[in-house]
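Please keep the sequence and the model in view while reading.

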Amino acid sequence: MKRILLPAGGALLATGLLAAGLAGAAQADPDVDAAALAASEQKAAEVLDFWTKSDNAALKGATAYYWDNKDVKKIVQKGGYVADGKPGQSEPIGAEKTTTVKSQNVNLPKSIGKVFFEGRDGKLYWCSGTSIQSQYRNLVATAGHCVYDIAANDEVVSRWVFVPGYYQGKAPWGIYVGKQAFTHYDFSNYEDFDRDYAFVTVYNGVGGVLNKSKQVTKAEFDAYKGTKDAKDVEVSREEFHKGRLDPKTAEYYHRARGSKSEATGPDFPGAEVAQVEVTEGTYKAAKVGKGNGYKFGEPVVENVTYNQAVAYILKQDPKWTAGKPLPAPTADYPATVWVDRQGNATLTHYYVQQWYKPGTDTKFYRTDFFIYVHEIKDVGRLGDNVGGQGFAWNQPTGKYVRTFGYPFAKHPDGSKPYSGVTPKWCYGKTGAKATKVPSLKIEEHISLKCAVTGGYNGAPWLLKYSNAKRMGYVNGVTSVLYDTDGNDRWDYMSSPYFDGETNAVYSSAAKVWSGSLIPKADS
């Protein structure tokens with residue numbers, strides 16, 4: 001059992017961000033560190049809105065996270081783990097009520113899913129994770145580096161959620177916002193990957209219809225502070241002219257010139273006006289009235305995801321990097337980009353008039369306005385919905401385990417055999433070999449032969465997995481991937497050894513209540 005000692009003659013401040021009123025049990029154990037992820041219901045609601053707005057765009061835009069390690073070429077037997085007590089285990093909850101049968105098929109557990117979060121680099125990632133049994137049925141097990149961004153001065157990641165059974169933007173059992181992360185003190189403070197595990201309490205799941213589109217008037221659109229969008233709908237020439245005659249709707253109608261149209265002035269008989277997008281500076285300098293180059297209505301604000309905003313910025317300036325001032329709009333990409341500290345982003349478009357002679361293929365459009373509202377409900381506790389795997393510690397190696405996760409990243413050689421859409425599994429005996437990685441302070445990992453890729457990080461290693469009950473005991477989590485034969489393809493992975501100190505972290509987390517984000521309706 002490795003110990004990391006404090007420097008002689010000095011005290012070290014924890015970076016665990018212990019929140020007032022949280023983790024009382026954790027503070028009593030020096031091995032346990034607790035950090036607030038979403039310490040209030042208001043903060044949790046903001047996290048939920050971030051991931052679900054625009055039809056779960058952020059969930060769909062996330063990519064696989066992994067800790068790339070290339071300084072190990074083989075797994076060696078030197079020392080290794082040391083059990084610090086008798087073997088122990090906590091029983092799973094919510095096992096399928098079926099009789100045990102022999103089967104060649106692997107039944108995927110309902111408990112597994114994807115952990116989503118925003119790194120300190122502003123990018124959106126996922127890891128793998130599982131529901132694990134606890135007193136309040138509200139706990140997720142994953143890798144520590146899927147909770148702490150150790151590349152960013154040991155800070156917890158942002159906007160952490162767990163989605164069991166996630167599939168292409170769908171959350172069949174709801175979305176669970178992380179409330180509090182429990183890790184080993186040596187990981188959160190010393191970046192010791194021998195303690196690369198985390199247990200996260202989550203609020204009750206939220207389901208139903210998230211960000212449902214609702215058409216509203218322009219006034220309601222302007223007054224609404226949440227996610228909203230304006231869309232152009234093609235209409236007939238008759239409706240266009242009728243709408244243009246009504247002062248209340250005239251500004252919502254416009255046309256796109258046909259290929260046979262020629263530019264002209266507004267006084268040409270039957271001349272039609274079209275909008276031309278320009279920069280904010282050109283728009284502000286334009287006159288108000290009727291004429292080429294004059295203002296065309298009010299600026300149009302388009303709500304976009306953070307990643308969409310960054311993509312637009314890179315079109316304006318391909319050399320732009322995060323932290324630099326935003327580039328000036330260009331003639332080809334004139335919209336003004338705005339991003340706040342919460343990652344909310346907009347593109348503001350500015351238009352001037354251009355008049356054309358009537359064309360035979362001119363198209364006519366009406367702008368409709370939509371807001372996105374939640375019609376959501378509390379779907380209950382995580383463990384009640386998908387069950388929770390058991391937990392085992394101080395177990396001998398050489399035992400069969402089955403792992404489940406979502407690989408997606410490329411192998412070091414560039415090959416990409418996994419889609420990240422559906423979970424994959426590995427099966428084999430755990431190895432007593434200790435994986436030595438000095439840069440990550442790894443001395444006591446256990447190994448498993450498994451040729452998966454990034455995104456599998458945090459995947460549970462389930463001991464005594466029952467294919468009929470879909471339950472087992474979490475006895476490890478995927479921490480690091482390795483290429484052990486030098487062919488630039490990962491073929492092994494390793495997990496911290498779960499000992500009595502791991503049990504202390506787990507036990508502290510398993511006693512903490514989370515609660516609900518949505519008030520319960522009267523029955």
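**Disulfides, aromatic pairs and a pocket**

The sulfur atoms of Cys127 and Cys146 lie 2.1 Å apart and form a disulfide, a term that denotes a pair of cysteine sulfur atoms within 2.5 Å. The model is a predicted one, in which local features need pLDDT of at least 70 and side-chain atom pairs count only at pLDDT 80 or more, whereas totals for chains, interfaces and linings use all residues. Residues are numbered from 1 along each chain as its sequence is written, and side-chain values use heavy atoms, with hydrogens and water left out.

The torsion about the S-S bond of Cys127 and Cys146 is about -80 degrees, so this disulfide is left-handed. Cys127 belongs to strand S5 (residues 124-132) and Cys146 to the loop between strand S6 (139-142) and S7, so the pair ties together parts that are 19 residues apart in sequence. Strands (E, at least two residues) and helices (H or I, at least four) are DSSP runs, numbered from the N terminus. Both Cys127 and Cys146 are buried; buried means under 20% relative accessible area, exposed over 50% and partly exposed in between, with a 1.4 Å probe and protein chains only.

A search of the whole structure finds 2 disulfides. Cys426 and Cys450 form one of them, with sulfur atoms 1.8 Å apart. The angle about its S-S bond is 65 degrees, and the link of Cys426 and Cys450 is right-handed. It joins distant parts of the chain, 24 residues apart: Cys426 is in strand S22 (residues 424-429), and Cys450 is in the loop between strand S23 (445-449) and strand S24 (460-466). Cys426 has a relative accessible area of 11% and is buried; Cys450, at 3%, also counts as buried. With bonded cysteines counted along the chain, the disulfides follow the pattern 1-2, 3-4.

Attention now turns to the rings. The structure holds 25 aromatic pairs. Rings of Phe, Tyr and Trp (its six-membered ring) pair if their centres lie within 6.5 Å; planes under 30 degrees apart count as stacked, over 60 as edge-to-face and the rest as tilted. The ring centres of Tyr148 and Phe187 are 6.5 Å apart and their planes stand at 75 degrees, so this pair is edge-to-face. Because Tyr148 lies in strand S7 (residues 148-149) and Phe187 in helix H2 (residues 185-190), the pair ties together parts that are 39 residues apart in sequence. Tyr148 is buried at 1% relative accessible area, and Phe187 is buried at 0%. Tyr197 and Phe199 form a tilted pair, 6.2 Å centre to centre with 45 degrees between the planes. These two residues belong to one aromatic cluster together with Phe391, Trp393, Phe498 and Tyr506.

Charge also meets ring here: the charged end of Lys114 sits over the ring of Trp126, 3.4 Å from its centre. A charge sits over a ring if NZ of Lys or CZ of Arg is within 6 Å of the ring centre and within 35 degrees of the ring normal.

The largest pocket has 37 lining residues, of which Glu251, Phe296, Gly297, Glu298 and Val300 lie nearest its centre. On a 1 Å grid over the protein atoms alone, a pocket is an open set of points where a 1.4 Å probe fits, with protein on both sides within 12 Å along at least five of seven lines; lining residues have an atom within 4 Å of a point. S13 gives the most to this lining, with 5 residues.
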